[in-house]
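Please read the explanation below with the sequence and the coordinates open beside it.

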Amino acid sequence: MFDLERWRVGWLDYRRLRFWAWVLIALYGFTGFVIVPWLARDMIVNTVRETLGLTAHLDDVDVNPFALSARLEQFALDDANGETLLSCESLEANFELSSLFHRAFTFLYVRIASPYVNVVIDEHNKLNLAVLAPTTDAAPADGGAEATRAAGAPRVLVHRVELLGGAMDLEDHAVRERYRQRFGPIDVIVDDLSTLPNESGEQHVTIVGESGAKLDWRGTVSLNPIGSTGHLSLASLLLPKLSAYLSDALDVAIDDGRMAVAFDYALDTRADGKIGGDVTDIDVAVQDLVVTRGMDDAPLASLAALHIENGRVQWPEQAVSVGRVSIAGPQLHLERDAEGRFTWNSLMRATPNALSAQEPETVQPQPPPAERNPWQLAIADVGMTGGALQFTDASLASRANSGGGRLKASGTFGFNPSLVAESRVEADSLALPSLQPYVGEFTLLALESGELDLQGDVNVASEEGVTFDGAAAIADFSLVMADGRDPVLSWQRFGIDGANVRLSSKQASLAHVVLDRPFARLRIDRDGKLNVGAVMRRAGDTEVETESADDERKSRLAETVDGAVTAAEQPAESPWVVRMTRFDVHDAASDFRDESLPIVFNAQIAELGGRIDAFDSSSSKPATVAMEGRVGDYGQIRLDGALELLDIERNTTLATHWENIELTDATPYTIRFAGRKIERGKLDLDTQYTLRERLLEGQHKIVLRDFELGERVEHPDAMDLPLDLAVSLLRGPDGNIDVDLPIKGNVDDPEFAIGGIIRKAIFSLISKIVAAPFRLLAALVGGGGGDESLDHVTFLPGRADLAPPERELIAKLTEALTLRPTLAVTVPGASAPQADGLAIRTARVVARVDEGVAGGDQSVLRATMETLASDIVAAEERATLREQFTTSAGEGTPAVFDELAYIDALRTRLIDAEPIDDSAITMLAESRRQAVVDALLANTSIDPSRVIPAPTETVDLEDGKVVLTFGAAVGAAASP
């Protein structure tokens with residue numbers, strides 16, 4: 001049994017060492033359990049107040065001196081406003097005596113239960129926790145910094161640190177929209193936290209946000225030297241929580257989205273003392289991201305998923321590499337406002353300039369920044385699926401929205417140091433009608449349909465700039481009038497194969513261009529306006545347009561014009577060099593309708609096809625053209641020539657061949673041109689146009705077959721032309737009309753119009769041939785040179801016989817008439833009454849004189865003349881005449897009688913006295929007419945109906961002869 005006395009004598013004997021050992025233990029325990037907690041509590045509270053100026057709350061301090069452990073209960077630290085900065089339910093630490101052996105402060109564990117941190121950033125971007133690290137005005141003594149570094153960090157070893165059930169409130173007032181977020185529970189477990197050289201430990205940190213986001217970190221940390229390895233993951237981070245920070249710089253908001261991040265890392269201290277790091281296996285995933293505009297929640301961008309795989313970041317090498325970037329379902333919303341500004345450009349919030357508040361003299365020049373090595377970025381693979389782009393333009397009269405289609409791109413890109421890219425781009429069925437608002441902004445047309453397909457390689461390099469190699473096509477294209485009822489232009493497919501484009505050198509090469517089934521509809525309305533010439537929108541064309549919008553439009557137009565003028569003043573840029581190997585056109589068609597005529601005119605060209613051969617804008621050789629097609633039911637058109645595709649007015653030679661064109665279709669134009677219908681006929685037309693340096697020369701070879709004019713139709717614009725006569729003059733023996741019609745004009749002339757030039761040429765041609773029809777006939781039989789014409793014959797006065805030269809002229813005229821079978825000749829009588837009367841009287845006197853002389857001599861002649869004149873010249877007068885013609889040379893010489901002069905004077909008196917009436921003149925004129933008619937009809941191929949007697953004409957003598965002038969008329973067979 002227990003011996004109390006023995007125990008008292010053995011242990012309570014103050015003379016024994018064990019007694020004092022117990023006393024020391026008791027004092028140690030009392031001090032540890034009672035004195036130290038009491039002193040520690042006050043010391044902690046007072047020290048915080050004196051050092052930091054803050055209020056600390058501490059319910060209790062428990063110390064176990066024997067276990068070398070301490071525990072703080074319900075600790076809290078308030079700021080100057082009484083708000084809690086830090087708190088915890090308990091903080092417990094267990095110190096180890098092994099510190100003596102490690103020569104370091106060694107703890108078995110440090111535990112913090114339910115720690116709490118309240119982080120507040122005020123409007124001036126100041127952190128409330130900054131009060132925990134007060135500044136000191138005392139400058140360190142010389143060498144203090146070196147001494148501190150020499151001393152190194154305190155030697156501490158904590159075998160385990162546990163922070164469990166922690167929480168943190170973050171409140172940021174420095175951003176535009178105040179940010180609040182609670183993080184927790186926060187769990188931190190650290191094994192072997194050490195500042196000892198080359199020592200590291202295992203750590204595990206988990207932080208859970210109030211929205212379910214979770215941060216998990218596992219790794220090792222060494223503090224001497226600094227180094228760490230581990231794995232960090234962040235899951236289920238709600239991205240809308242970041243809107244507060246985005247909105248400070250951008251007028252955007254994240255409405256939805258989650259993000260997850262995971263990576264491995266390794267940090268170490270390099271030989272030069274700098275920290276280096278290698279972050280590997282980076283994996284970033286974003287889901288259901290929705291970004292809207294902050295002011296009105298309008299959608300800006302969204303994506304279903306973004307995944308970054310196998311990423312790596314190396315520091316200080318400044319290298320970033322990514323194995324793959326996958327983007328699923330991205331949608332981008334672009335909008336242009338009424339002022340023409342893009343919404344994305346207005347998302348940047350204005351930030352105050354830090355120097356704006358300073359006086360100019362306080363701004364000191366800054367040294368140039370030190371050169372920095374550029375970051376290196378490499379992405380092995382980028383993939384995007386299901387993307388969409390929506391574009392809205394509110395600056396237009398009608399709203400522009402993006403259309404449908406698919407776009408695919410793949411390739412590589414980099415910066416070395418500028419952008420370098422090699423990519424394959426494929427566009428499938430991109431809808432062109434989405435561009436309609438832009439078409440409708442300036443035209444009265446509507447882009448009804450059309451799809452763009454494109455496949456090619458797009459390369460970006462510093463040497464060649466941007467290049468494209470591939471093919472493109474626009475299919476099912478249709479452009480209609482704005483009312484949708486009148487198609488203007490369409491085609492089935494316009495394709496370009498083997499396209500090679502170099503932007504920097506302005507070169508484009510096209511291997512093969514194909515245009516399938518193009519169609520053009522041309523319309524002339526009742527006012528004479530061509531549809532393709534009246535498609536440009538003018539002010540007032542829109543049904544509803546506010547005055548302000550109109551003013552703004554005019555302002556933008558003025559800016560455009562000013563810009564164009566400014567651009568015009570700049571030095572001319574080098575032109576593009578365009579090369580094309582071949583251009584094929586298949587099954588083209590056109591429909592032309594003219595409603596401005598009394599009868600609506602319609603013409604169709606179909607099945608037009610052909611090709612344009614090799615073209616090079618840098619070569620002097622123009623491209624050759626060859627095409628042919630069908631006109632109407634049975635007509636044909638062929639086209640060939642050579643032209644400069646990019647400058648047609650510089651060097652173009654173009655020939656067209658129209659065959660078997662139905663002329664009745666042209667009746668509306670002949671009515672407007674000459675007031676006549678076309679009864680029937682076919683047209684063959686060959687044209688040859690040459691356009692060099694803007695000067696146009698053209699030749700038209702026109703052949704009208706089986707051509708007949710129809711009835712007259714009144715039209716106010718019709719020219720007064722004798723078309724029937726012109727047709728008869730031009731119609732050949734085969735019944736065809738064959739005409740060569742040259743034209744010439746300068747395309748710079750403001751009034752230049754090919755149609756007007758041809759109209760004038762036709763009018764001039766008809767006027768000339770009608771004004772001088774027999775000059776045309778002379779040309780038909782090899783004459784026509786100089787003033788030669790077949791329009792008249794001449795007679796001697798008083799005579800009706802045709803001299804040999806006149807008979808030759810009649811022969812040529814009959815030959816010409818055989819070449820113009822529908823032409824008739826009018827033959828008038830012709831007389832010169834004075835000359836013809838003198839000739840007739842003379843002839844009569846001469847006849848009577850000859851009859852009286854009957855072969856006698858001169859004396860008989862004198863006697864006959866005196867006998868015939870006895871009734872008009874008395875004997876006394878005859879004696880006077882004899883004396884008048886009797887002369888004497890002088891005294892002693894016999895008188896001389898000039899008998900022949902006397903006889904001639906009597907003849908003159910007889911002729912003057914010879915009676916004559918008008919019937920003799922009329923008979924002479926009729927005889928002349930008949931002589932010509934008989935001569936013309938001597939050629940039995942001339943139908944008598946084509947030689948038409950005409951009334952007698954009184955004429956003057958020309959070169960002493962009477963001129964009988966023919967007239968041209970339409971033969972009976974040619975009359976309508």
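The model is a predicted one. Which residues of α12 are buried? They are Glu806, Leu809, Ile810, Leu813, Thr814, Ala816 and Leu817. Seen down the axis of α12, these buried residues fall within an arc of 160°, so they line one face of the helix.

Strand β37 leads on to a sheet. Three strands form this open sheet in the order β37-β43-β42, with antiparallel pairing. Its edge strands are β37 and β42 (957-958), each of which pairs on one side only. Between β42 and β43 (residues 961-965), which run antiparallel, there are two bridges. In this pair, glutamate 958 stands opposite lysine 961 of β43. Helix α17 packs on the sheet and touches β37 and β43, and its direction makes about 55° with that of β43.

Strand β22 (residues 445-461) runs antiparallel to strand β23 (residues 465-481), and 15 bridges join them. Strand β23 is in turn joined to strand β24 (residues 487-502) by 12 bridges, and this pair also runs antiparallel. Threonine 467 of β23 can be followed across both pairings: asparagine 459 stands opposite it, and threonine 467 itself stands opposite arginine 502 in β24. In general, strands of a sheet pair through backbone hydrogen bonds, either parallel or antiparallel.

The remaining topic is charge pairing. Side chains of opposite charge can pair when their charged atoms come close. With a cut-off of 4 Å between the side-chain nitrogen and the carboxyl oxygen, the count comes to 24 salt bridges.

One of them joins the side chains of arginine 160 and glutamate 162, at 2.5 Å from N to O. Arginine 160 is partly exposed at 29% relative accessibility, whereas glutamate 162 is buried at 13%. Arginine 582 and aspartate 584 also meet in a salt bridge, at 2.8 Å from N to O. Here arginine 582 is partly exposed with a relative accessible area of 31%, and aspartate 584 is buried at 6%.

A further salt bridge links glutamate 866 and arginine 882, at 3.6 Å from N to O. Glutamate 866 lies in helix α14 (residues 858-869) and arginine 882 in helix α15 (residues 875-884), so the pair ties together parts that are 16 residues apart in sequence. Glutamate 866 has a relative accessible area of 19% and is buried; the cut-off for that class is under 20%. Arginine 882, at 31%, is partly exposed. Finally, Arg71, Glu73 and Glu92 are linked in a network of salt bridges.

Definitions and conventions
Residues are numbered from 1 along each chain as its sequence is written. This is a predicted model: local features need pLDDT of at least 70, side-chain atom pairs count only at pLDDT 80 or more; totals for chains, interfaces and linings use all residues. Side-chain values use heavy atoms; hydrogens and water are left out. Buried means under 20% relative accessible area, exposed over 50%, partly exposed in between (1.4 Å probe, protein chains only). Helices (H or I, at least four residues) and strands (E, at least two) are DSSP runs, numbered from the N terminus. The arc is that of the directions from the helix axis to the C-beta atoms. Two strands pair if DSSP finds at least two bridges between them. Contact means heavy atoms within 4.5 Å. Axes are lines fitted to C-alpha atoms, for helices over the stretch in contact, and angles run from 0 to 180 degrees between N-to-C directions.
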